Amino acid sequence: MPNNNSTPQQEPETTLSRGEFIRSLGMSSAALMAFYCMGTLSSCKSSTTDPSPGVITPGGGSNGVTGNASTGSGAINFTIDLTNANFTGLKTAGGYVSVGDIIVFNAAGSYKALSRICTHQGGNLIYSASTNDLICDLHSSHYNIDGSTKSQPIGGGTITAVKAYTTSLSGNSLTVKA
Ligand code: FES
């Protein structure tokens, strides 16, 4: 018999625990982790490699970098293992990676390292191979690859030069220091 009542029918309210909900989907915990990892790769990385998105912190060597890359922890002095998966892209011209407070990049086959922290308001610098310079991700100021200023922030403000660090290559070990 049709229901002529205009009031919407209410389903009985049920509350599922997290575990019950997962079981109701018929997915194992391993399958769920794989599902999460497909969407957000960074959330599945080791905690020693990614304190903030895209930035690698020196660990015990398993993540390919040892030493100090934090300006707040003394002199900058760290070594990168270019055979580690975190750094293989650095071997290609145009590749770059942020290690602690430093950006290391490959400018047409030459390794360079600069402070990655913009002097305007602390934005993050990225390397652009097409213009062979570094661009701040906050207000698009530009720095030359020696750390000197190239163009000021969009919308006003002033940048000053960022510190440049020396790089030396021995086999597949790239050392960066002040
Ligand atoms: S923080 Fe870099 S240009 Fe403003």
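β7 and β8 make a hairpin, with 4 residues between the two strands. In the turn, N132 has a positive phi of about 50°. The two strands run antiparallel and are joined by 4 bridges, with β8 covering residues 133–136. One of the bridge partners is D133 in β8, which goes with S128. Strands here are DSSP runs (E, at least two residues), helices are DSSP runs too (H or I, at least four), and both are numbered from the N terminus. Two strands pair if DSSP finds at least two bridges between them.

A word on what you're looking at: this is a predicted model, where local features need pLDDT of at least 70, side-chain atom pairs count only at pLDDT 80 or more, and totals for chains, interfaces and linings use all residues. Residues are numbered from 1 along each chain as its sequence is written, and side-chain values use heavy atoms, with hydrogens and water left out.

Now for the overall layout. The protein has 2 helices and 12 strands, and from the N terminus on the elements run α-α-β-β-β-β-β-β-β-β-β-β-β-β. An open sheet takes in 8 strands in the order β1-β4-β5-β6-β11-β12-β3-β2, with mixed pairing. At its edges are β1 (55–56) and β2 (65–68), each pairing on one side only. Inside that order, β5 and β6 pair in the antiparallel sense over 6 bridges, and F105 stands opposite K112 in β6.

Why is the pair of F105 and Y127 stacked? The ring centres of F105 and Y127 are 4.7 Å apart and the planes sit at 20°, so the pair counts as stacked. This pair links distant parts of the chain, as F105 lies in strand β5 (residues 102–107) and Y127 in strand β7, 22 residues apart. For the record, rings of Phe, Tyr and Trp (its six-membered ring) pair if their centres lie within 6.5 Å; planes under 30 degrees apart are stacked, over 60 edge-to-face, and the rest tilted.

How covered up are some of these residues? Buried means under 20% relative accessible area, exposed over 50%, and partly exposed in between (1.4 Å probe, protein chains only).

| Residue | Relative accessible area | Class |
|---|---|---|
| F105 | 0% | buried |
| Y127 | 6% | buried |
| C118 | 4% | buried |
| C136 | 3% | buried |
| Q121 | 55% | exposed |

Across the protein's 178 residues, 30% count as buried. As for the cysteines, the count comes to 0 disulfides, a disulfide being a pair of cysteine sulfur atoms within 2.5 Å.

Where does Q121 sit? Q121 is in the loop between β6 (110–115) and β7 (125–128). Setting aside neighbours within four places in sequence, Q121 is in contact (heavy atoms within 4.5 Å) with L138 and H139. Q121 and P153 are 32 residues apart in sequence, and 9.9 Å apart in space from C-alpha to C-alpha. Over the protein, residues 24 or more positions apart account for 34% of the contacts with a separation of 6 or more.

One more side-chain detail: the charged end of K163 sits over the ring of Y165, 5.3 Å from its centre. The rule there is that NZ of Lys or CZ of Arg must be within 6 Å of the ring centre and within 35 degrees of the ring normal.
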